[in-house]
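Have a look at the sequence and the fold before reading on.

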Amino acid sequence: MKARSMFKAIVAVGVASACALSLAGCGNSTTSYTGGVAATVNGVEIPEDEVTAQIESIRGQMGLTDKDPWGQWLVSAGYTPESVREEVLEGLI
């Protein structure tokens, strides 16, 4: 059940982020990101900082901001930090 909630949160964040990236691509602003680039899609860079922020947002929505509860949830849901990052990145793409 928790894995399903995580998936729904990831999808919702992905849709919202896709909309934000679409709008950002229309502007002429130059934003600097310090965390590097997680991916480039159709010439649009997805900053690593944005992926991290999305994961932190999901953790906050789930009430798993502390390290131990988050780790326990990852194990119980069959996730690793890397697999969560990949799912979030796929949602952003």
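**Charged residues and confidence**

Asp49 counts as partly exposed, at 33% relative accessibility; on this scale buried means under 20% relative accessible area, exposed over 50%, and partly exposed in between, using a 1.4 Å probe and protein chains only. Asp49 sits in helix α2, where helices are DSSP runs of H or I with at least four residues, numbered from the N terminus. Gly36 is 13 residues away from Asp49 in sequence, and their C-alpha atoms are 7.4 Å apart in space.

Before going further, some ground rules. This is a predicted model, so local features need pLDDT of at least 70 and side-chain atom pairs count only at pLDDT 80 or more, while totals for chains, interfaces and linings use all residues. Residues are numbered from 1 along each chain as its sequence is written, and side-chain values use heavy atoms, with hydrogens and water left out.

Now for the salt bridges, each being a side-chain nitrogen of Lys or Arg within 4 Å of a carboxyl oxygen of Asp or Glu. How many turn up in a search of the whole structure? The search finds three. One of them pairs Glu48 with Arg85, with the closest N and O atoms 2.8 Å apart. Glu48 lies in helix α2 (residues 48-61) and Arg85 in helix α4 (residues 81-92), so this pair ties together parts that are 37 residues apart in sequence.

Arg85, partly exposed with a relative accessible area of 22%, also forms a salt bridge with Glu86, and here the closest N and O atoms are 3.0 Å apart. Through shared partners, Glu48, Arg85 and Glu86 are joined into one network. Glu86 is itself partly exposed, at a relative accessible area of 41%.

Finally, the confidence. pLDDT is the predictor's confidence in each residue, from 0 to 100. The protein chain has a mean pLDDT of 78, and 63% of its residues reach 70 or more. Among its elements, α2 has the highest mean pLDDT (95) and helix α1 (residues 2-24) the lowest (55). Over residues 17-33 pLDDT stays under 50, and the model has 10 contacts beyond four places in sequence for them, a contact meaning heavy atoms within 4.5 Å.

Definitions and conventions
Helices (H or I, at least four residues) and strands (E, at least two) are DSSP runs, numbered from the N terminus.
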